[in-house]
Amino acid sequence: MGPNDSVFSLVTADPGLPRPNPTEAYWQHIPHALADVQSSKLPTDRDFAIIGSGITGLSVARSLLERHPTATVTVLEARALCSGATGRNGGQMAANAGEQYMNLAETHGVETAGKIVDFTFRNLEKMQELIEEYDVVELSEMQRLRKLRVFLTQGKFDDFKKSIARLEVDHPSKKGLYTILDADAVLKEYGIHGASGGALLPAGTVWPYRLVTKVFERLLEKYPGRLTIETHTPVESVEHISTLASSVTNIYPYTLRTSRGPLRARTVVHCTNGYSGHLLPHLRGLVHPFKGTMTVQDPQNSMSNQGTAVSWGFHYPPSYDPETQHLGYGLYYLGQSPKTGYFYFGGENARLEESISADDSSVADHSVEHLEVVLPRFFGKNDRSDWRLISSWSGIMGYSSDGLPIVGRLASKLTGREGDGEWIAAAFNGYGMANSLMSGEALALMILGEDVSDWLPIAYGLGEKRLRETLTVPMAVNALSSKL
């Protein structure tokens with residue numbers, strides 16, 4: 001089997017349900033009181049069934065409850081509350097549309113590319129507004145700061161500068177959004193070694209699990225008769241009942257088969273990200289899981305704490321080692337806790353079959369070891385003997401074949417079922433914090449019949465052109481094979 005066949009098999013595989021025994025994410029080491037919440041008996045006949053309890057599922061639920069005066073909403077979660085990607089991520093509130101701008105403009109046109117930049121930066125602002133609205137700033141350790149993007153090769157730095165220059169020409173209002181730094185400034189002003197150059201942009205860091213669980217807690221208090229959260233209730237299948245059946249099934253045409261029995265619903269909302277292909281087999285390959293590795297490392301006071309001022313991203317060309325078959329994916333991401341000084345550091349260097357996987361029940365030792373070796377070097381410290389590994393875990397992201405989220409109504413050819421009441425917001429390609437909140441809000445408004453086309457990028461939609469040209473299995477295979 002050649003590399004393309006192997007990639008094809010991996011991206012089109014059934015991701016299955018979230019594994020019942022995931023690695024323990026540091027963010028969740030103190031479980032919220034609602035971690036295992038569920039009704040004494042599974043409710044049924046609900047207006048909206050939302051599958052997934054991360055930031056996207058939360059956003060959809062909140063928007064539906066606020067915008068619809070009587071809607072009943074049930075959030076279904078296979079494991080504990082917020083135990084998927086949101087509860088396992090890097091804690092980074094950062095956008096990457098500027099780095100991607102050149103490619104976005106060439107693929108989607110200047111106007112849509114500009115909308116994607118606007119959308120992602122506005123999403124980060126709205127995240128910060130949500131944290132303030134629910135008074136979770138201190139609890140979630142939210143910091144407004146600047147992200148330092150560090151480019152480890154001249155080629156990467158040159159590509160970045162070209163992309164930002166094009167952004168500023170096409171959209172003059174974006175001038176000043178990015179501050180370009182030369183290698184000397186990156187070293188002297190920020191103490192980062194090995195850079196060819198860098199850039200500063202507005203960003204933030206947050207303890208995402210604490211935010212999501214707190215907002216869910218408040219929503220349950222505010223809408224006790226209309227919202228239920230059902231954790232440890234995996235949805236095993238979704239069925240659509242023909243409208244020739246009884247009047248009850250006309251109103252609630254969907255039956256969700258769960259581990260705790262059936263639930264009937266009027267509308268089904270998939271907020272399942274990397275796991276989307278399990279209940280939606282026709283999406284397999286268009287969306288695929290990608291397993292990330294995270295660590296918490298304690299530099300033991302050998303470093304000054306920069307956690308209130310800066311977070312970091314380190315960019316390098318993807319690299320493949322034929323001997324070990326390890327693929328370096330081209331990005332490390334780093335934040336620092338202002339309270340403890342701990343570094344939250346993630347990035348992928350693993351075999352393809354380890355990375356294109358929906359199994360977060362293990363974390364590869366060599367991936368963790370790699371992150372332990374790499375991090376101190378960025379700060380000019382080649383000896384890590386006094387640094388302590390506090391925690392390591394894995395998490396499952398959702399990637400699309402064309403690198404953009406999917407937000408919209410699912411046509412029958414994507415669900416394999418009759419009916420037009422299934423919707424999805426997923427595939428955030430590692431940048432959920434810059435997309436999920438507003439994608440969930442947009443989806444809820446679309447479900448309620450509102451027009452969001454002036455702010456939701458059209459490229460996120462499930463239009464015929466995208467499904468024909470870029471949201472395809474061959475595109476996913478090509479994108480991954482090109483790294484090998």
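Under the rule that a salt bridge is a side-chain nitrogen of Lys or Arg within 4 Å of a carboxyl oxygen of Asp or Glu, the count comes to 31 salt bridges. The structure is a predicted model, in which local features need pLDDT of at least 70 and side-chain atom pairs count only at pLDDT 80 or more, while totals for chains, interfaces and linings use all residues. Residues are numbered from 1 along each chain as its sequence is written, and side-chain values use heavy atoms, with hydrogens and water left out.

One of these salt bridges joins Glu125 and Arg122, with an N to O distance of 3.0 Å. Both residues belong to helix α4 (residues 110-133), where they are 3 residues apart, about one turn of the helix. Helices (H or I, at least four residues) and strands (E, at least two) are DSSP runs, numbered from the N terminus. Glu125 has a relative accessible area of 41% and is partly exposed; Arg122, at 31%, is also partly exposed. In these terms, buried means under 20% relative accessible area, exposed means over 50%, and partly exposed lies in between (1.4 Å probe, protein chains only).

A salt bridge also connects the side chains of Lys214 and Glu217, at 3.9 Å from N to O. Helix α7 (residues 208-222) holds both Lys214 and Glu217, which are 3 residues apart, about one turn of the helix. Lys214 is partly exposed at a relative accessible area of 24%, and Glu217 is partly exposed at 23%.

In the salt bridge between Asp402 and Arg466, the closest N and O atoms are 2.8 Å apart. This pair links distant parts of the chain, 64 residues apart: Asp402 is in the loop between β16 (388-400) and β17 (406-409), and Arg466 is in helix α14 (residues 464-469). Asp402 is buried, with a relative accessible area of 19%, and Arg466 is buried at 8%.

Asn89 lies in the loop between β2 (73-76) and β3 (92-93). Its relative accessible area is 18%, so Asn89 counts as buried. Contact means heavy atoms within 4.5 Å. Apart from neighbours within four places in sequence, the residues in contact with Asn89 are Trp27, Pro208, Met294, Trp393 and Met433.

For the protein chain as a whole, the secondary structure comprises 15 helices and 18 strands. Of its 484 residues, 59% count as buried. Among contacts with a separation of 6 or more, 78% are between residues 24 or more positions apart. Taken along the principal axes, the C-alpha atoms fill a box of roughly 70 × 50 × 45 Å.

The accessible surface of the protein chain is about 18800 Å², and carbon and sulfur atoms contribute 50% of it. Accessible areas come from the Shrake-Rupley method with a 1.4 Å probe, and for residues only the protein chains shown count as cover. The chain has 45 positive and 54 negative charges, whose mean positions are 3 Å apart. Lys and Arg count as positive and Asp and Glu as negative, while His and the chain ends are not counted.

How values were computed
The place of a charge is taken as NZ of Lys, CZ of Arg, CG of Asp or CD of Glu.
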